[in-house]
Amino acid sequence: MIARRFRAMGTDVELFVEADDAERALEAAENEFHRLEALLSRFRPDSELSRLNDERTLEPGPDLLEVVELALLARVRTGGRFDPTVHDALVAAGYDRSFELVPADGPAAGSAPCGGGVLVDGRRIELEPDVRLDLGGIGKGFAVERAAVVLAAAGPCLVNAGGDLAVRGGSWPVGLETADGQITLELDRGAIATSGRDRRRWRRNGHEQHHLIDPRKGTPAETDLLRVTVVASDAVEAEVWAKALFLAGEDAAAAEADELGLPAVLVTVDERTRLAGGLR
Amino acid sequence: MTSHVGRLYALALALVVFFLTWTTVAARPWVHTSKRVNDPRLAALAAREQRLRHESVVVRRIVQKRWAVYRVELRKRKSQIAAQQAQLAAAPAGAPSVRVVTLPPLTVTRTS
């Protein structure tokens with residue numbers, strides 16, 4: 001097995017592939033991460049996403065177009081719990097620059113409305129006034145999937161980018177943090193995503209803030225869950241449902257995971273771990 | 001009268017002799033056949049024809065051999081592509097396959 005580690009999209013990325021010689025595939029997978037980061041980052045002024053947020057209307061390349069379409073579809077499927085229009089709410093909460101550069105504390109955080117109109121007309125994307133997109137989570141899931149496709153050409157593989165992980169072929173033991181330690185899931189196919197407020201958090205005027213915005217309020221979500229992990233057919237799907245279940249709260253999330261057949265691990269604020277969606 | 005008929009016969013005979021002589025001279029029987037065959041230009045053309053025929057046989061053999069190798073490689077590559085496409089198409093579409101185990105993890109996934 002060959003492994004490669006590097007940093008992209010504000011997180012540590014690991015690539016594993018079961019092959020004797022996969023240098024070219026590893027190189028291509030890493031390049032895919034950097035390429036997509038250059039397109040989808042809201043922190044890079046020259047990215048396609050930044051241009052869209054600035055210019056309000058854009059005919060982007062196929063990747064941004066696809067991610068925006070996936071995000072809008074996810075907004076419908078999750079009843080608005082997943083929403084790409086949380087950009088201004090994240091900025092109002094204090095997450096206005098790459099996370100490493102966000103001050104640990106600062107003046108009081110505000111809120112910003114979410115759920116504005118995003119129109120995709122053929123190859124053109126148009127944003128309503130005062131609507132800006134953040135594709136951080138779903139963009140990372142998208143990149144993980146694309147890197148896995150590239151790497152799968154060399155052999156069975158695993159791509160792990162922070163909270164988003166996908167496998168192609170083989171059988172992979174993956175560790176998850178629980179309330180009291182760690183469990184291992186063996187994944188043969190599909191993807192895992194974890195959303196939570198135990199990382200990427202900061203303070204504003206003494207109050208804790210985190211990056212999971214509740215689009216209904218335009219502020220960081222308040223829920224009895226600390227962290228949600230979802231296993232799904234692909235990393236985008238897992239990312240979307242991890243966020244949506246996190247916002248739902250423990251009981252509703254467990255019921256929804258069971259109903260959708262999405263294996264999930266819920267870790268509550270009072271330090272309990274609950275398995276759902278058929279996971280035992 | 002008799003001398004008039006005789007003159008006509010003599011004229012006809014002379015014409016026949018004239019044409020026979022012309023035909024014979026036009027055939028150039030004094031030129032030997034082997035001389036024409038030994039013309040160096042014809043010999044060069046014949047040699048060139050032989051060489052080209054031989055070369056065409058060799059080229060045809062080489063092309064057939066390369067074509068056979070190409071067809072084998074093409075079949076192999078097509079089956080590889082089909083297998084890969086099937087693998088890629090099947091993996092994300094199918095339901096995820098997961099279970100809790102007691103193995104040590106290869107990697108740990110944390111909150112994004």
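What share of the contacts in chain A with a separation of 6 or more is accounted for by residues 24 or more positions apart? In this predicted model, such residues account for 60% of those contacts. The secondary structure of chain A comprises seven helices together with 16 strands. The radius of gyration of chain A is 18 Å, close to the 19 Å given by the globule rule for 280 residues, and the chain is therefore as compact as a globular protein of that length. Taken along the principal axes, the box filled by the C-alpha atoms of chain A has dimensions of roughly 50 × 45 × 35 Å, and 50% of the 280 residues of the chain count as buried.

Among the helices of chain A, α1, which spans residues 23–40, packs with α5, which spans residues 136–152, at an angle of about 155°, the two axes lying 9 Å apart. Because angles over 145 degrees count as roughly antiparallel, α1(A) is described as roughly antiparallel to α5(A). The crossing in which α1(A) passes α5(A) is right-handed.

On the side of α1(A), the contact is made by A:Ala25, A:Ala28, A:Ala29, A:Glu32, A:Phe33, A:Leu36 and A:Leu40, while α5(A) contributes A:Gly139, A:Phe142, A:Ala143, A:Arg146, A:Ala147, A:Val150 and A:Leu151. When these residues are sorted by class, the contact of α1(A) with α5(A) is found to hold eleven nonpolar residues, one polar residue and two charged residues.

How values were computed. Residues numbered from 1 in each chain as written. Chains lettered and ligands numbered in written order. Predicted model: local features only at pLDDT ≥ 70, side-chain atom pairs only at ≥ 80, totals over all residues. Axes fitted to C-alpha atoms, helices over the stretch in contact; angles between N-to-C directions. Helix = DSSP H or I, 4+ residues; strand = E, 2+ residues; numbered from the N terminus. Parallel < 35°, antiparallel > 145°, perpendicular 65-115°, else oblique. Left-handed = near helix turned anticlockwise from the far one by under 90°. Contact = placed C-beta atoms within 7 Å. Nonpolar A, V, L, I, M, F, W, Y, C, P; charged D, E, K, R; others polar. Rg over C-alpha atoms; globule rule 2.2 N^0.38 Å. Buried ≥ 20, exposed ≤ 12 C-beta atoms within 10 Å, placed from the backbone.
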